[in-house]
Amino acid sequence: MQKEYRTKNQNKFVKFRKIVLISTIALVFPICLGIYTLLGGRAYALMSMLFVILAILPFLMIYEMKKPQAREWIPLAVMAALAAVGRVAFAPVPFFKPTSAIIIITASVFGPEAGFLTGTMAALASNLFFGQGPWTPWQMFSFGIIGFLAGIMFQKGILRKTKTDMCLFGFVATFVIYGGIMNPASVIMWQSNININMVLSSYVMGMPFDFIHAVSTVFFLFFAAEPMLEKLERIKIKYGLIE
């Protein structure tokens, strides 16, 4: 009887956690970006720190039912660092980056909370090299939303962890989602009197670069997804991570 009661409470908490996660990403982050835009993008350091806190909170709710151990954080810390280092390592090749691929792989194994957190941290950490600025919160949200959607779609079985599904999602997510957010963001950041023609022009002008970015994501997913998934799944099962 006590076990059934505990299971029932856990199921309720899981639903509540999902509501918090979706609400944070779908409402809180866009509202924060809106306020940030109204402030003229001047408080980007403060906004970046706020984004980190907001990204961590839903993830911490996973551990509400148990005491977290250090080993449960290490795989995510490593993957976030790898995504950031990969972006820096390929700096000489414009827009050809493994970052989105690593975020998608992480999310497919550890879920949407982990994917969103990995994306936000990868953007923030890599910009220590590229330079922090008004673009940082936008990049954090863009990479984070890719990780969140990847986690949801693989968790729900909408996509399978195959090369075809991962590469297809990687291309669409990078080209449509990341490009679809960052292109108009460039107009918002640098223009005061914004009109629809500016936004449409940003999409058209950004397409070649978005295409290179999307192709690079497919490239890294095609060659790295299977070996990385195998190792991460083994670690997750062995240590019972993020269940």
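**Close-up views of a predicted model**

**View 1. Cysteine 32 in the predicted model.** Cysteine 32 has a relative accessible area of 11% and is therefore buried, since buried means under 20%. The structure shown is a predicted model.

View 2. A disulfide is a covalent bond between the sulfur atoms of two cysteines. A pair of cysteine sulfur atoms has to lie within 2.5 Å to be counted as a disulfide, and by this rule the model has 0 disulfides.

**View 3. Glutamine 139 and its surroundings.** Glutamine 139 belongs to helix 6, which covers residues 136-155. With a relative accessibility of 9%, glutamine 139 counts as buried. When residues up to four places away in sequence are not counted, glutamine 139 touches Arg87, Ala123, Asn127, Tyr178 and Met182. With asparagine 127, the side chain of glutamine 139 also forms a polar contact of 2.8 Å between the two side chains.

**View 4. Valine 218 in helix 8.** Helix 8, formed by residues 196-239, contains valine 218. Leaving aside residues up to four places away in sequence, valine 218 touches Cys167 and Phe171.

**View 5. Valine 218 and serine 100.** In sequence, valine 218 and serine 100 are 118 residues apart. In space, the C-alpha to C-alpha distance between valine 218 and serine 100 is 9.4 Å.

Notes
Residues are numbered from 1 along each chain as its sequence is written. This is a predicted model: local features need pLDDT of at least 70, side-chain atom pairs count only at pLDDT 80 or more; totals for chains, interfaces and linings use all residues. Side-chain values use heavy atoms; hydrogens and water are left out. Helices (H or I, at least four residues) and strands (E, at least two) are DSSP runs, numbered from the N terminus. Buried means under 20% relative accessible area, exposed over 50%, partly exposed in between (1.4 Å probe, protein chains only). A polar contact is a pair of N or O atoms within 3.5 Å; within protein, one must be able to donate a hydrogen and the other to accept it, and residues adjacent in sequence count only if both atoms are side-chain atoms. Contact means heavy atoms within 4.5 Å.
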